[in-house]
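Reader: Can you walk me through this one? I'd like the cut-offs as we go.

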Amino acid sequence: MRTFRKAWCVIVGTTAVSFCLMGFVQEQDDVYGWEMLTSGRRIGAADLARLLDEARDELQAADLSEKEIRLRLKIVENVATVRSYFPHVIGGPPETRNSKYWVENDEGSYVPRGRPTDAIKDLWRTTSGIRCHKLSTLVLLKGLIDVADAKQLSQLDDMLRGKVIPNDLPDEGIGTLFEKPDPKEGEIFQADEFLPGDEVWFDNPYFERLSAKVQSRYRGQEGHHVFYVGGGKVMDMYSREAVSIKDFRETFLRWGSVKIAAEKEDREPEADEFQIKAVRRVIVERERRD
């Protein structure tokens, strides 16, 4: 299996455009919109600088501490530079990580070898295939790693060692590493509730309308984890391109689960149906006041 994974990654690297834009098999055609792009774009230095400048202006306007601003800017930078593709359920490139830093357990999930903080940093040097919930967690953790001192790195290593991240963490790290605020009103977050560096989750209301058999084909399409990067824009970790929230909602209309459920109900799905229903933030260790 590992030999196959390594061989497949070589194939993916040389044929990403043809396989990923057309869909590896018919069932995968337009399944994930941007996530079909195996390698995504590489952001240039000038574009990254503009992205961070815009995020910094918004964070400073929110009157945050310099410590929190630095952490959030690292998260935005990491969203734009992580090297990962979306592994498909049926056909397409499989989930994979660098075997020097990660080992596959009996359940097929990956656990860090050695120091978990080193394994996470490797995701920004070598290309991996990771689903969006796990990858978004790793992006948040990389921000913590980037601003940590030696003591904090040791604490993170102790917390993450030998674990599938975030599955094996208590409550997946909520309350210890991350916090999940509630919307100001109702169940839906509005655009003015986000800060650059927030992970936001778009809900796909069509997924739950599918049968269990069809859901298994489109596992992972319950919704999608992306990051708010400032200026009213979000960034997908696979395309690594900042777009407006409105434009990002349009991508859900190309998802296979949405097309199938809408066709069954004889209805035309609308982009506004895909709302942000969850936000996750890194807990900032604030200075104690005497």
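Author: One definition to begin with: a contact means heavy atoms within 4.5 Å. This is a predicted model, where local features need pLDDT of at least 70, side-chain atom pairs count only at pLDDT 80 or more, and totals for chains, interfaces and linings use all residues. Residues are numbered from 1 along each chain as its sequence is written, and side-chain values use heavy atoms, with hydrogens and water left out.

Reader: Fine. Of the contacts with a separation of 6 or more, what share comes from residues 24 or more positions apart?

Author: Such residues account for 72% of those contacts in the protein.

Reader: How many helices and strands?

Author: Nine helices and ten strands. Both are DSSP runs numbered from the N terminus: helices are H or I with at least four residues, strands are E with at least two.

Reader: What percentage of the 290 residues is buried?

Author: Buried residues make up 50%. Buried means under 20% relative accessible area, exposed means over 50%, and partly exposed is in between, with a 1.4 Å probe and protein chains only.

Reader: Now the open sheet. What is the strand order?

Author: The order is E5-E10-E6-E7-E8-E9, six strands with antiparallel pairing. Strand E5 (178-179) and strand E9 (242-244) are at the edges with a single partner strand each, so one side of each has no neighbour in the sheet. Two strands count as paired if DSSP finds at least two bridges between them.

Reader: Over how many bridges do E6 and E7 pair?

Author: Five, between E6 (residues 199-203) and E7 (residues 223-230), in the antiparallel sense. Glu199 is opposite Phe227 in E7, and Val200 is opposite Val226 in E7.

Reader: And E6 with E10?

Author: That antiparallel pair has four bridges. Trp201 has Ala278 in E10 as its bridge partner. As for cover, four of the five residues of E6 are buried.

Reader: Which strands does H5 touch on the sheet?

Author: H5 packs on the sheet against E5, E6, E7 and strand E10 (276-282), and its direction makes about 30° with that of E7. Helix H2 (residues 45-61) lies across E7, strand E8 (233-235) and E9, at about 80° to E7. Axes here are lines fitted to C-alpha atoms, for helices over the stretch in contact, and angles run from 0 to 180 degrees between N-to-C directions.

Reader: Pick a residue in H2. Is Leu48 buried or exposed?

Author: Leu48, which is found in helix H2, is buried, with a relative accessible area of 14%. Not counting residues up to four places away in sequence, Leu48 touches Ile43, Glu77, Ala80 and Thr81. The C-alpha atoms of Leu48 and Ala80 are separated by 7.5 Å, with the two residues 32 apart along the chain.

Reader: Switching to H6. Which of its residues are buried?

Author: In helix H6 (residues 150-160) they are Leu153, Leu156, Asp157 and Leu160. They are on the same side of H6 because they cover an arc of only 100° around the axis. The arc is that of the directions from the helix axis to the C-beta atoms. Lys151 and Asp158, on the other side of H6, are exposed.

Reader: What covers the buried residues of H6?

Author: The cover includes strand E3 (110-112), helix H4 (116-122) and helix H5 (132-147).

Reader: And the ends of H6?

Author: At the start of H6, a side-chain oxygen of Asp149 comes to within 3.2 Å of the backbone nitrogen of Lys151. After H6 comes Gly162, with a positive phi near 75°.

Definitions and conventions: A polar contact is a pair of N or O atoms within 3.5 Å; within protein, one must be able to donate a hydrogen and the other to accept it, and residues adjacent in sequence count only if both atoms are side-chain atoms.
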